[in-house]
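Here are my notes on the model. Please read them with the coordinates open.

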Amino acid sequence: METSNTETRLGVCYNVFDGEELLEFSIRSVRSCAAWVTVVYQTVSNWGARTSNPRLREFLEHLQATGLVDELIFYEPRRFDPDEKQRLTSRHASPEDLGGNVAFISNVFYNELSKRELGRLSCLKAGCGYFMSMDTDEFYLAAQLREAVRVLAQRGCDAGTCRMRLLFKEPTIEYAPPDELNSVSCIMRCHPDHPFRLAAPMMAGSHPLLVDPTRRIEGCNDVHVFGRSELEMWHMSFVRRNIASKLENVSNRQNYQGVSEFLARFESWTPADGVLHPHPVLGRLFTHVRTVPNHFDVPPFSQLCAVCCRSDATKRCGRCKTTKYCSLECQKLDWPRHKPSCQLAIGQ
């Protein structure tokens, strides 16, 4: 089966609230395969928390100016009435996936779904045949991704799923063995008749796939399941400058337990301590820790601007000589936060 350039034209849309310290490097992992990149961002989380980055918009505009991002879309979380929730929920959703009456499903999930739909529509408008809906902590090997898009287009599939590999605290530390329970709907057909709908069925033959209910398109009938040798998503879920923000604002935060204890142990954690995980089910999937290459050249976060996360942070604090900034404006904004640690570093 011949494939056209439009069919293999890939769009990528990111949902951004926090984790922006990883965004540039995630985009770089897929940009050579993507004809279009959209960022849908918000400054207030789906749970109502404000971003800790006062210059998030400026940071995103910098990525756009450098050619990594094509379109920026601002999103404000809102409440959904029962009729809206019903419309945004798949008509074919199973009771097991929904877990109860649609009217009582949290607005958090419908906000997440709505952001993904805005990104999908951006890719559709840009003429993409397939698209990916990604978070900032997700990475792919370009050679695998390019071939995966070709395979889906050649076979005429509606979507492709793959397994994940979980990285913890550093981009070179992996939890093992890899998770063989969950999948990610990584690549989907970009078509007017395939909108995002909550809990839309995704099947491998007659078997339902365990994927995020906000990452499912309606009318997805032909799903290709990629083997690990074909395509994997490298998930830097716990590689964060502010791990507390992630756990406080993740959509399914009610599933995490013992978060305070986890955060207390996280700061001093080393690979010798073994597996540490706040999710009671996912944590049991892993038995040990191993070292892997830094495939995506993610730098230590101390090398980024301490405020906006730009990677071209060439200025340093004139007192402690360690904290880096991209501009005098960022340095001034950070001084109230940085002052105590700065004075401690220089012995005042």
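**Notes on packing and backbone**

1. H1 and H2 are roughly parallel to each other (an angle under 35 degrees). Helix H1 spans residues 23–30 and helix H2 residues 56–65; they pack at about 25°, with axes 11 Å apart. The crossing of H1 past H2 is right-handed. Helices are DSSP runs of H or I, at least four residues, and strands are E runs of at least two, numbered from the N terminus.

2. This is a predicted model: local features need pLDDT of at least 70, and side-chain atom pairs count only at pLDDT 80 or more, while totals for chains, interfaces and linings use all residues. Residues are numbered from 1 along each chain as its sequence is written, and side-chain values use heavy atoms, without hydrogens and water.

3. Which residues of H1 meet H2? Leu23, Glu24 and Ile27 do, against Phe59, Leu60 and Leu63 (contact: heavy atoms within 4.5 Å).

4. Ser327 sits in the loop between strand S15 (324–325) and helix H9 (328–345). Leaving out residues up to four places away in sequence, Ser327 touches Arg55 and Lys315.

5. Check the peptide bond between Ala176 and Pro177: it is cis, with omega about -5°. Pro177 is in the loop between strand S7 (173–176) and strand S8 (184–189).

6. Ala199 is not a glycine, yet its phi is positive, about 65°. Ala199 is buried, at 1% relative accessibility. Lys321 also has a positive phi, near 65°. Lys321 is exposed, at 52%.

Key
Axes fitted to C-alpha atoms, helices over the stretch in contact; angles between N-to-C directions. Parallel < 35°, antiparallel > 145°, perpendicular 65-115°, else oblique. Left-handed = near helix turned anticlockwise from the far one by under 90°. Buried < 20%, exposed > 50% of the residue type's maximum accessible area, 1.4 Å probe, protein only.
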